[in-house]
Amino acid sequence: MEVDDALREALRLAVDPPGGVSFESLRELARADDATEWDIATAAEHLGVNPHTLRYYERIGLVQVARNNAGHRQYDAAAVRRLVFLTRMRTSGMPISDLRHYIGLVDAGQSTVPERLDMMLEHRDTLRSQIAQLQLALAATEYKIATYEGAPQP
């Protein structure tokens, strides 16, 4: 493979990775189904986190979870939707302190929408910058792989 071709392919893979991002997978996590409730193990599995994380989010007031007659947590659709948001924001690097502030604003009502929007716009700008840097790092990695694959073997 020519160097220019390897570089073009590396940049393409960095911008458009195989598999991409699935909107359907996020929609599935968001659970519009209000009929069923999940226990902590099911919620943790679907969210891809440890049950300890869910207990921590509850303990620090980021989410409220109902309990059944036996005292076990029951995650309804609203709790799961909030946890989807929380886990995605944590994955994106948002600090717990910012999440606590944001959830406090949400719980305070509609009058806080402008401040919430400002927070999300700022976070989006941070993520876009991080993604650009990661795409460059991925492109460099893909380029090295392509050059090694095209190099003569000893």
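This is a predicted model: local features need pLDDT of at least 70, side-chain atom pairs count only at pLDDT 80 or more; totals for chains, interfaces and linings use all residues.

Some totals for the chain. It has 154 residues, and 27% of them count as buried. If we take contacts between residues at least 6 apart in sequence, 57% join residues at least 24 apart.

Now look at helix α3, residues 40–47. Which of its residues are buried? They are Ile40, Ala43, Ala44 and Leu47. Viewed down the axis of α3, the buried residues fall within an arc of 95 degrees, so they line one face of the helix. As background, an α-helix has 3.6 residues a turn, so residues three or four places apart point the same way.

Both ends of α3 deserve a look. At its start, a side-chain oxygen of Asp39 comes to within 3.3 Å of the backbone nitrogen of Ala41. Just after the helix, Gly48 has a positive phi of about 75 degrees.

On to the core. The largest nonpolar core has 25 residues, and those with the most contacts inside it include Leu54, Leu62 and Leu86. Which elements give two or more residues to this core? They are α3, α4, α5 and α6. Helix α5 gives the most, with six residues.

Last, Leu62. Leaving aside neighbours within four places in sequence, Leu62 is in contact with several residues, among them Tyr57, Leu86, Leu99 and Ile103.

Terms used: Residues are numbered from 1 along each chain as its sequence is written. Side-chain values use heavy atoms; hydrogens and water are left out. Buried means under 20% relative accessible area, exposed over 50%, partly exposed in between (1.4 Å probe, protein chains only). Contact means heavy atoms within 4.5 Å. Helices (H or I, at least four residues) and strands (E, at least two) are DSSP runs, numbered from the N terminus. The arc is that of the directions from the helix axis to the C-beta atoms. A polar contact is a pair of N or O atoms within 3.5 Å; within protein, one must be able to donate a hydrogen and the other to accept it, and residues adjacent in sequence count only if both atoms are side-chain atoms. A nonpolar core is a set of buried Ala, Val, Leu, Ile, Met, Phe, Trp, Tyr and Cys residues joined through side-chain atoms within 4.5 Å.
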